[in-house]
Amino acid sequence: MPYIAETIVTTVDATGNVHIAPLGLIQRGDRWIVAPFRPSRTLDNLLASGLAVANHIDDVRVFAGCVTGRRDWPLVARDDGRRAALREALSTWDMTVEEREDDPQRPRFICRVDGVHNERPWRGFNRAQAAVIEAAVLVTRLHMLPPEKLDSEIAYLRISIDKTAGEHELEAWGWLMERVEAWRRGETSAARKM
């Protein structure tokens, strides 16, 4: 299995609007693969600019926020506005697309890392933070999961939330559970692709 780094990817469109999306980057040697779903703003922005920033962050509210419509996170512009990074990122990788592998569902953009910015040391995720990230992934796949699978996954992840969550993790978990309940009520827009 390849190594997958769970990150927040920021891309910029032609008018300077920044899009923030949680994505697992796939390691391939010294390159990283960004594989956004079709259709998505991340895909459109990568096709247009060929630039992205991988933001490594320990505030899991950003992961949960992105999949629940909360995308207003402070940013820092780079490269005359052609890239942007999350202000609270612990570290970032400035990435440039070197090649593309087309796919009808998830094209792959093979990127080199042009610059690494380390702001603060990363202490690792605790169990609750990891549970929030896993629940955020589940929320993006609500339309693909049988209800019993969803229920069992959430029940298992809730154990970590109950035992180790702090204020930020509880807030993020609440956002995700609101999205799950909206989906159960038939609000199909609850699960959006990044």
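**Helix packing around α5**

**View 1. Crossing of helices α3 and α5.** In this predicted model, α3 passes α5 in a left-handed crossing. Helix α3 spans residues 127-140 and helix α5 spans residues 167-184. The two helices pack at an angle of about 20°, and their axes lie 10 Å apart. Because angles under 35 degrees count as roughly parallel, α3 and α5 are described as roughly parallel to each other.

**View 2. Residues in the contact of α3 with α5.** On the α3 side, the contact is made by Ala128, Gln129, Ala131, Val132, Ala135, Ala136 and Val139. Helix α5 contributes Glu169, Ala172, Trp173, Leu176, Arg179 and Val180. By class, the contact of α3 with α5 comprises 10 nonpolar residues, one polar residue and two charged residues.

**View 3. Crossing of helices α4 and α5.** Helix α4, residues 147-164, packs with α5 at an angle of about 165°, with the axes 12 Å apart. Since angles over 145 degrees count as roughly antiparallel, α4 and α5 are roughly antiparallel to each other. The crossing of α4 and α5 is left-handed.

**View 4. Residues in the contact of α4 with α5.** Leu150, Asp151, Ile154, Leu157, Arg158 and Ile161 of α4 make the contact with Leu170, Trp173, Met177, Val180, Trp183 and Arg184 of α5. The residues of this contact divide into nine nonpolar, no polar and three charged.

**View 5. Trp173 and Val180 of α5.** Trp173 and Val180 are among the α5 residues in the contact with α3. Trp173 and Val180 are also among the α5 residues in the contact with α4.

Definitions and conventions
Residues numbered from 1 in each chain as written. Predicted model: local features only at pLDDT ≥ 70, side-chain atom pairs only at ≥ 80, totals over all residues. Heavy atoms only, no water. Axes fitted to C-alpha atoms, helices over the stretch in contact; angles between N-to-C directions. Helix = DSSP H or I, 4+ residues; strand = E, 2+ residues; numbered from the N terminus. Parallel < 35°, antiparallel > 145°, perpendicular 65-115°, else oblique. Left-handed = near helix turned anticlockwise from the far one by under 90°. Contact = heavy atoms within 4.5 Å. Nonpolar A, V, L, I, M, F, W, Y, C, P; charged D, E, K, R; others polar.
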